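Please look over the sequence and the model before reading on.

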Amino acid sequence: MDIEAYFAKTPATIEEIKARVAAAFGRHPLCRDVRFDIVSTPRTGKGANWTISMQSVAPDALWEASDIVSDIQEAYVLANAA
């Protein structure tokens, strides 16, 4: 098995990433009111090229929201605009 292919990130548009984050936040009772925006960034050594700016995060939801974002960042890379 190709280990790099196994850990490869799935390309996604900003809209697709936003939909996945919104769905994940919506499933978690503490994160349902989190407001966020997807921000494109320069590619890092780990391959990340986007991040999430969160607003209006309740203190008790901060850790859960950060974990959700981290999991999604590990799975997706922002697709190149054609």
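Which exposed residues does the face of α3 turned away from its buried side carry? The model examined here is a predicted one. On that face of α3 lie W63, D71 and E74, each of them exposed.

Helix α3 covers residues 62-75, 14 residues in number. From its first C-alpha to its last it reaches 20 Å, close to the 20 Å expected at 1.5 Å a residue.

The buried residues of α3 are A65, I68, V69 and I72. Seen down the helix axis, these buried residues fall within an arc of 95 degrees, so they line one face of α3. The buried residues of α3 pack against helix α2 (14-27) and against the strands β3 (50-55) and β4 (76-78).

## The nonpolar core

The largest nonpolar core contains 18 residues. Within this core, I17, V21, F25 and W50 have the most contacts. At least two residues of the core come from each of α2, β2 (35-40), β3, α3 and β4.

W50 illustrates how these parts meet. Leaving aside residues up to four places away in sequence, W50 touches I17, I38, V39, S40, T41, I72, Q73, Y76, V77 and L78. Among these contacts is I72, one of the buried residues of α3.

## A buried asparagine

N49 is located in the loop between β2 and β3. Is N49 buried or exposed? Its relative accessibility is 7%, under the 20% limit, so N49 counts as buried.

The side chain of N49 reaches the backbone nitrogen of L78 at 2.8 Å. With residues up to four places away in sequence not counted, N49 touches V39, S40, T41, P42, R43, V77 and L78. Several of these residues, including V39 and V77, are also touched by W50.

## The salt bridge

The count of salt bridges comes to one. K18 forms a salt bridge with D37, and the closest N and O atoms are 3.6 Å apart. This pair links distant parts of the chain, with K18 in helix α2 and D37 in strand β2, 19 residues apart.

Both partners are partly exposed: K18 has a relative accessibility of 34%, and D37 has a relative accessible area of 35%. In general, side chains of opposite charge can pair when their charged atoms come close.

Notes
Residues numbered from 1 in each chain as written. Predicted model: local features only at pLDDT ≥ 70, side-chain atom pairs only at ≥ 80, totals over all residues. Heavy atoms only, no water. Helix = DSSP H or I, 4+ residues; strand = E, 2+ residues; numbered from the N terminus. Expected span 1.5 Å × (residues − 1). Buried < 20%, exposed > 50% of the residue type's maximum accessible area, 1.4 Å probe, protein only. Arc of directions from axis to C-beta. Contact = heavy atoms within 4.5 Å. Core = buried A, V, L, I, M, F, W, Y, C linked by side-chain atoms within 4.5 Å. Salt bridge = Lys/Arg side-chain N within 4 Å of Asp/Glu carboxyl O. Polar contact = N/O pair within 3.5 Å; in protein donor to acceptor, adjacent residues only side chain to side chain.
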